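Dear colleague,

I am passing on the structure below, followed by some notes on what was found in it; please read them with the model open.

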Amino acid sequence: MNNLGDLEIFARVVSAGSMSAAGRELGLSPAVVSKRLRRLEDRLGTRLMQRTTRQISLTEAGQGFYERVVAILAGIEEAEAFVSRRSALAHGVLKVSAPTSFGRMHIAPHINTFMQANPDLGVNLMLRDEFVDIVGDGYDLAIRIAELSDSSLVARKLAPVRRVLVASPDYIKRHGTPDTLADLDGHICLAPHNNDSWKLEGPQGEVIHRPIGPLQTNSSEVVREAVIGGMGIALRSTWDIGAELSDGRLVQVLPAYEGSRNVAIHAIYASRRFLPAKVRLFIDYLAELYGPTPYWDTEDSGR
């Protein structure tokens, strides 16, 4: 039984002055309005209105009931407005997981601006390179730099990732510049995670190169420091070494080859339904901050 609907109809009949007028406002026939009013009176066990063909008048019980119904409906409307306002504002604590280097370089410097714009929100930013269980570990969202496979999670692309082969001028001076992909076999190549293969895109399409070098590490930041220090050649994202490319501490080698374009920066979260404002606003903030041409791929890479 839709008791609340009956209350709304009753209040509308009183304010409109007739069942036909209330019916037009509600999109109901006078017969349906009359039936709903009779059902309400039967449930209450009392007569609320005196009806004539031209007008209605409230009984004493009906007058008292009407005053209370109006207060109830106003309270419901205020409660709905309160929830709508809160759903448009960020509040509570936002728990975010992000890769260590990217989070330090391209999220942490911008957190203050976001939090100043959302003063009722706290941010718990956890930097780690392992993928987290978003639902199981209680994260609101995770930033992932990857070529995403099918998942039950929802992903929004925040920015493209451009990965290029780079070396320091000192390394090039000592070892020369590779002219072909096959020349890499005669160079020191640096790759994290036990020399994982490089998936490259070049003039012949996708190619796989397995880097060979003396350094093995599970840290991308170690590889970054090693290539800047002149140890060898590395495949690095421009978000990671854009400043070094701009100031000449690194130079691009084999420019015809770059990392797979299927890799991108994504925001990952559990569900599109009832997305909290804090999650939506943070994702929108990052998407606008980075954009289709991220600032690290422009001349002003030190933004």
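Helix H2 (residues 19–26) and helix H3 (residues 30–44) pack with their axes 8 Å apart and at an angle of about 105°, and they are therefore roughly perpendicular to each other (65 to 115 degrees). Axes here are lines fitted to C-alpha atoms, for helices over the stretch in contact, with angles running from 0 to 180 degrees between N-to-C directions; helices (H or I, at least four residues) and strands (E, at least two) are DSSP runs, numbered from the N terminus. This is a predicted model, in which local features need pLDDT of at least 70 and side-chain atom pairs count only at pLDDT 80 or more, whereas totals for chains, interfaces and linings use all residues. Residues are numbered from 1 along each chain as its sequence is written, and side-chain values use heavy atoms, with hydrogens and water left out.

On the H2 side, Met19, Ser20 and Gly23 meet Pro30, Val33, Ser34 and Leu37 of H3, contact meaning heavy atoms within 4.5 Å.

In helix H10 (residues 277–290), the buried residues include Val279, Phe282, Ile283, Leu286 and Leu289, where buried means under 20% relative accessible area (1.4 Å probe, protein chains only). H10 is followed by glycine 291, whose phi is positive, near 75°.

Histidine 209, which lies in strand E10 (residues 205–209), is buried as well, with a relative accessible area of 7%. Apart from neighbours within four places in sequence, histidine 209 is in contact with Leu181, Leu184, Asp185, Cys189, Ser197, Trp198 and Leu200.

Terms used
Parallel < 35°, antiparallel > 145°, perpendicular 65-115°, else oblique. Buried < 20%, exposed > 50% of the residue type's maximum accessible area, 1.4 Å probe, protein only.
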